[in-house]
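This report is for a reader who has not seen the structure before. Please look over the sequence and the model first.

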Amino acid sequence: MRTSLLALTAAATLALSAPAFAAGELNIYNWGNYTNPKLIEKFEKTYDVKVTLTDYDSNTTALTKIEAGGHGFDIVVPTNNYVPIYVEKGLLLETRPDQMENFKNLSKQWQDVTWDPNRHYTVPWQWGTTGVAVDTSVYGGDINTSAIFLDPPAELVGKVNVVPEMNDVINLTLFYVGGEACTTDKTVLRKVRDTLMAAKPKWLSMDYGTTDKLSSGEYKATVNWNGSTFRARLNNPKVAYGYPKEGYPLWMDSVAVLKDAKNVENAKLFQNFIMDPENAAMISAFARYANGVDGSEAFMPEEMKTAPEIVTPEALRSAGKFLPTCPPESRDLYTAIWTELQK
Amino acid sequence: MSEASGSLRTLEADAAARRIRRNWLLSLPALALLLVGASGPLLIVLVYSFLKPGDFSGVIWEPTFNAWFQILFSRDIFDDTIGLADAHLTIFWRSVRLSLSTTLITLLLGLPTAYFIATRSGRQRMFWLFLITIPFWTNLLIRTFAILEMLRNEGIVNNALIDLGVITEPLQILYTDTAVLIGMSYVYLPLMVLPLYAAIERLDFRLVEAGYDLYANRVQVFRRIILPIIKPGIVAGSILVFVPSLGAYVTPRVLGGGKNMMIGNFIELQFGQGRNWPLGASLSILLLFIVMAALLLYVRASSREEPHG
Amino acid sequence: MAERARKSFSVRQLPGVTPITMACFAALYAPIVIIVIYSFNAGDSVALWQGFSFRWYAIAAENELVQEATVRSLVIALWASGISTVLATMAALGTTRTAKFPGSTFIYVMINQPLMVPEIVTAVALLIFFASIKVATGYSGLGYLILAHSAFCVPFAYLPIRARLEGMDRTLEIAAADLYATPWQTFRRVTLPLVLPGIVAGAMLAFVISLDDVIITEFVKSAGQDTLPTYMLGQLRRAVTPEVNAISTALLGLTILLLTAFFLLTGRGNDKKP
């Protein structure tokens, strides 16, 4: 026992001292379970760079930590509506991806986006939609509507889950009652609150972990992301993804380089690297979301090319909207409604 | 004569001063660690509670009492009337209720368990102690998921109850307060058992046996001999269970299904998606003061009871 | 006579104690059994059984990230429980078995302070405090995490030790001092054995509390400092896979192996009541 304790102490002392240095380094701060290890391996081999990956679980955690400073990260992957906040706070480095070699591979529609005009800062990582997933063995009606969770059909009452994402849920409801994202219109918001409060007793839970619980049949319906629904369908073929016709949020997680990055050149290399179709395909193959790089389909797994969760039906495409960065006034109103909902 | 008693008094005063110095010196390293690693930085939070929320995160350096006002009163977002913040009270009350129940359950289960471990012989005792902590070496989240798996409608708890004929339809346990209570009792059980064990272990069983020999009845033996010995353990365990469970976060979210918040979730919301740091700060400072006051009252009451405690 | 003897003997086995204890242990280990079972799941779910395989063990064995996170968790927990237990023992010796002295209540409340605020609050405060130190000194090693963990582990180590000491008298120590034992000898030979069960209980609690911590770690960690809990938290929103089950099961197996070896090696003929 005593010797093993000594060994442990020795190991502990070692761990305290500085890590070994590779030729180059890159510190990526990304969502958990979101980065294909094979992609990292390839980047490390190509450029002789040692990549360190660190996880976060929410946009707010990432923003809070980066704002505080001293974190040691080079790259962060915020969602589109957080990008303007980072830019406004002066946290990002203007790396000009629009002048990078692989920029030409980016789909036309992503070359100029509202949250990053002309792509001076960010490169797409993955993008997707927030909609509803339904177990069609229980409910066979129209699933392309937010009524699935806001006014559940009798078959689904008590079996619906809602992910606890304030922005997604409130905006889905806003669209459902005919409002606009970020609105401060009180009559609309009153409808939002009343709709949510009336729907809540019909929900089973407000939780994450939707892939698992859709697969196991515990949730018969849930607000969900498209990639997660895709994964669930591979386990449970009865699961289908609905794009609410009243309106649904689009999102894009975007790779940005931090102003206080220590390995700027490697970080830029990484931005360029993931705009290569073959590499972009590796990202999608792992987390099951689309990536925004033309020609990457050729390298993707067969089942992804035609997946109804990835390929939005033509008729429902216009209902998808990127959420803007809401001003503080609307945020306060949303939080108040959210608190009442979860009290 | 007066000179002699005078020097005796100085001697006593010297001894007392030495004792106080020794006690402080022994406590200082722990206090220093806490000052750097916990309590000191909380001053930042105290300051934040008097500032305005920043536009997207953090705070704006403008002094205001808004956050403190918001705790008790809320401006209705629709008609701008100011009313009692009943959402906050509901959340607070639920937290207190669930934490008290958790404390009670862990005490009822923990007392016999700690007694059992303390009455084993030397080496066996270590074995049982390890046995009670090993489940907690596996990650909290994954353990919570396992409990979730057990409580599901098709999970083993419901299946067992149906097989035993207790129920015919699966009970909806998951995503209710009952599930939160089960989960919290599980998570906090060792926090009750270990201090109880530390206290019970010093019980001199010869004393208890002597008590029986003197024809004292069970109640008397328990009250006169056992209780005074285990009481510090009960107090320590109750503090360790009750206070942290007030701020519990993972269990209510996963097992309670997140439909109803506890204080921990609500404060997290303010620092996270709600982006209202001053409100989160003032709520946690208030919680800190309430718990601190309760603890002080306890110290007062117990020191009156036993002057040497 | 015989009946009296049996009756007094039964004090060690109060009715109900053994069944309740066994029920407790069964309940404690049931979720662990589930974790172990799902570590052998062929599918990628922790809640849907899809056949037996060693797939997740292979994945975990290849994933340096999760292995490093596991080792890091253990290293931090060892440091934190060690530091906090030593400091808590000293503080407990300074604040029990003594008449009330100026500041004794203050010390008691301060030591328990980390229990009183939800983790997220300490986490944000530490983030801001440590970030300024990181920027100023350039040091961003594991030291911050160890410091933060040691601090919040102090009350968990202190309270069991205090519960042990409270109400015990100092007769033995005074006797030792009368016999010209040095303070160190008195501590080593008399005080330490007295308080040891409390120290063991406190250290064990501190260890598991540190091992389980997620929110404070999430905010304090620097680049490349994920622990097993923060690694899992990152997965929570996407999908949790049985990979962590596999790691946990492997760890559990190792623990049981080490403990069995420990009990077998130290055991023989040593089974006396102290």
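## Contacts and overall form of chain A

What share of the contacts in chain A with a separation of 6 or more comes from residues 24 or more positions apart? The share is 74%. The model is a predicted one.

Chain A has 343 residues, and 52% of these count as buried. Its secondary structure consists of 13 helices and 10 strands. The C-alpha trace of chain A spans about 60 × 60 × 45 Å along its principal axes. A compact globule with 343 residues would have a radius of gyration near 20 Å, so the 22 Å of chain A agrees with that form.

## Domains of chain A

Where they touch, domain 1 of chain A supplies 12 residues and domain 2 of chain A supplies 11 residues.

On the domain 1 side, α4 (83-88) and β4 (123-135) of chain A are the elements that give two or more residues. The residues of that side are 7 nonpolar, 4 polar and 1 charged.

## Nonpolar cores

The largest nonpolar core has 203 residues, and Ile337(A), Leu196(B) and Val154(C) are among those with the most contacts inside it. Helix α7 (residues 177-200) of chain B gives the most to this core, 17 residues. Another core, of 50 residues, lies apart from it and includes Trp31(A) and Tyr289(A).

Not counting residues up to four places away in sequence, Val154(C) touches residues of chain B, including Ala30(B) and Leu33(B), and residues of chain C, including Leu87(C) and Ile111(C).

Note on methods
Residues numbered from 1 in each chain as written. Chains lettered and ligands numbered in written order. Predicted model: local features only at pLDDT ≥ 70, side-chain atom pairs only at ≥ 80, totals over all residues. Core = buried A, V, L, I, M, F, W, Y, C linked by C-beta atoms within 7 Å. Buried ≥ 20, exposed ≤ 12 C-beta atoms within 10 Å, placed from the backbone. Helix = DSSP H or I, 4+ residues; strand = E, 2+ residues; numbered from the N terminus. Contact = placed C-beta atoms within 7 Å. Nonpolar A, V, L, I, M, F, W, Y, C, P; charged D, E, K, R; others polar. Rg over C-alpha atoms; globule rule 2.2 N^0.38 Å.
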